[in-house]
Amino acid sequence: MNDTTAENILEVQGVVMAFGGLMALFKPDFKVKRGIIKAIIGPNGAGKTTLFNIITGFFTPTEGTVRFKGRSIKKFKTHEIAARGISRTFQTVELFGNMTVLENVMLGCHTRVPTSFMASGFRLPGAKRKEEEMRDRALNILKFIGLADKFEEPADNLPLGQQKMLEIGRALATEPELICLDEPAAGLNETETYVASSLIKAINAKGITVLLVEHDMKVIMNISDEIVVLNYGQKIAEGTPEAIRDNSTVIEAYLGSEA
Amino acid sequence: MLRIGKLPIALFAGFIIIFPWVAGKVPAIGNYTDIMVFVGIYCLITIGLGLLMGYAGQISVGQAAFYGIGAYVSAILTTRYGLNPWFCMFIAVLVTGTIAFLVGTPSLKLKGHYLAMATLAFGIIVFIIFNEEIQWTGGPDGMADIPGLSIFGFELDSIEKYFYLVWGFVFVILIFTINVIQSDAGRALRAIHTSEAAANSMGVNVSKFKVLVFVYSAILASLAGSLYAHYLNFINPSTFDLFFSIKLLIMIALGGMYNIWGAIIGAGIITFLSYEWLHYFEEFEVIVYGAILLVVTIFLPNGLVGLPGMLKELFVRQKSNE
């Protein structure tokens with residue numbers, strides 16, 4: 001038991017999520033090994049985003065447990081889960097549009113460089129030092145995601161591709177062990193998609209486990225180590241990209257049985 | 001939008017320092033120093049309310065109640081128990097802060113405008129208590145003989161002296177609040193305003209921050225109430241009614257809620273309107289306020305401080321059309 005928890009950063013077990021009569025998820029059990037890129041795919045409405053919302057504490061599942069580093073996350077609120085090392089991006093970009101690029105990433109440092117209301121109000125020396133530390137961290141991340149020259153732009157002014165990068169950067173600022181990316185390539189052109197894929201690989205190379213929801217099959221097949229396929233809230237397949245590509249159930253779910 | 005330079009603060013401080021002297025020289029505005037004491041008192045409230053509304057995106061319709069609690073706690077403790085006014089002011093802050101915490105915690109956990117509803121009800125209840133608990137508050141007749149303030153035996157017995165005390169408070173609070181806005185806490189607040197979901201998943205404890213700012217705004221209102229009571233030496237419930245809460249909201253809306261200077265400009269204009277310039281309107285004063293609120297919300301969503309930016313944008317657009 002112990003060696004499996006050390007190996008698996010995330011375990012989803014017996015999770016059922018019902019919204020009234022609608023069964024959004026029904027026991028799609030799977031595990032995520034530490035250090036890999038795992039993709040969740042499935043047709044629209046398969047429950048992928050719902051699963052993300054459960055993992056990050058937005059929803060409490062009707063049944064079942066999600067374990068992060070061996071511990072159930074049921075008791076924790078979203079911000080506590082973030083502090084414990086799970087970060088995420090959103091399907092529809094949820095940046096702080098009126099804040100600058102730098103400020104967006106600095107906010108991500110919120111849990112790692114704790115400051116108090118009083119200390120900042122009285123501008124105590126410690127508060128000033130922490131502010132500088134956050135700035136340095138944020139600038140480093142902006143260099144990593146390639147947006148360092150845009151640090152003073154309001155986030156709203158960036159094109160979609162860069163907004164998506166920035167969202168990933170903001171998530172990285174929380175220093176996650178597991179990062180959940182909800183359709184990072186959606187709406188991006190070919191070049192932007194290539195940049196996004198390289199960035200995801202670079203993040204993974206830093207030792208951060210990546211859980212990915214994506215529709216772009218090229219991205220999925222290129223970068224993921226393992227794939228889980230959902231359909232109508234249930235897991236219909238799991239395995240390596242090669243295995244999934246040839247899986248008849250998966251093809252049927254996507255294209256219908258006639259194909 | 002974020003950077004608040006030292007120069008405007010210094011210029012404003014200069015203006016405040018020479019104000020009583022200038023007002024003393026010009027007979028036409030001789031009473032303006034007195035009005036400016038009230039502007040300062042209201043600024044304390046609007047700075048807190050501006051932070052709550054403009055930055056954290058929450059509406060409170062009960063600030064008059066916190067203002068009143070501050071005033072009444074100070075008045076009751078000083079007149080009935082003869083305690084030191086400064087100590088009473090501190091107790092008032094503790095009492096108000098605790099009450100705000102109790103009102104805010106449940107209503108801020110919910111999404112939407114529950115805080116507005118809760119504070120609306122709270123304000124009405126507190127107003128009734130001020131009127132009905134006659135053995136404590138004197139009822140509608142109010143309380144008189146509230147002592148003035150002194151600092152180390154130096155009596156603040158003139159309008160000018162009190163003017164500097166009140167504005168001293170305003171500047172301390174102004175600088176404190178600006179520091180908060182420009183720190184991690186300020187970023188967290190603005191983040192909450194834009195997207196609670198994103199703020200939450202970045203590790204911001206959204207409900208804690210909302211409660212914190214609400215309590216802070218209540219404490220500032222309480223402080224203002226105590227200063228008011230010791231200045232006028234008399235209070236009665238009508239000062240702390242629902243209409244005053246709404247007037248505070250008009251101040252914020254007029255000045256501009258996304259900028260801390262908006263709170264000060266709004267407080268200044270509305271106070272001068274109601275104390276000095278709107279006397280001709282008598283009972284119809286309310287209509288003027290209504291008109292101001294209507295015009296501002298339709299044409300000036302960022303308030304008067306947003307006006308230069310709007311004009312600039314208009315000018316640029318005109319240019320590019322040519």
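Predicted model: local features only at pLDDT ≥ 70, side-chain atom pairs only at ≥ 80, totals over all residues.
In which helix of chain B is Arg187(B) found? Arg187(B) belongs to helix H8 of chain B, which covers residues 184-194.

**Confidence in chain B**
- Chain B has a mean pLDDT of 91, and 98% of its residues reach 70 or more.
- Among the elements of chain B, the highest mean pLDDT, 96, is that of helix H3 (residues 63-81), while the lowest, 83, is that of helix H14 (residues 307-321).

**Overall build of chain B**
- Taken along the principal axes, the box filled by the C-alpha atoms of chain B is roughly 65 × 50 × 40 Å.
- Of the 322 residues in chain B, 55% count as buried, and among contacts between residues at least 6 apart in sequence, 78% join residues at least 24 apart.

**Surface and charge of chain B**
- Chain B carries 15 positive and 17 negative side chains, and 19 Å separates the centres of the two sets.

**Arg187(B) and helix H4 of chain A**
- Arg187(B) has a relative accessible area of 3%, which is under 20%, and therefore it is buried.
- Leaving aside neighbours within four places in sequence, Arg187(B) is in contact with Ile181(B) and with several residues of chain A, including Glu103(A), Met106(A), Leu107(A) and Glu131(A).
- Helix H4 of chain A (residues 101-108) is largely enclosed by the rest of the structure, because 8 of its 8 residues are buried; among them are Glu103(A), Met106(A) and Leu107(A).
- The cover over the buried residues of H4(A) includes H8 of chain B, together with helix H6 (125-145) and helix H7 (160-173) of chain A.

**Ser226(B)**
- Ser226(B) lies in helix H10 of chain B, residues 206-232, and counts as buried because its relative accessibility is 0%.
- Not counting residues up to four places away in sequence, Ser226(B) touches Gly70(B), Ala71(B), Ser74(B), Met89(B) and Ala92(B).

Conventions. Residues numbered from 1 in each chain as written. Chains lettered and ligands numbered in written order. Heavy atoms only, no water. Helix = DSSP H or I, 4+ residues; strand = E, 2+ residues; numbered from the N terminus. Buried < 20%, exposed > 50% of the residue type's maximum accessible area, 1.4 Å probe, protein only. Contact = heavy atoms within 4.5 Å. pLDDT = per-residue confidence, 0-100. Lys, Arg positive; Asp, Glu negative; His and termini not counted. Charge placed at Lys NZ, Arg CZ, Asp CG, Glu CD.
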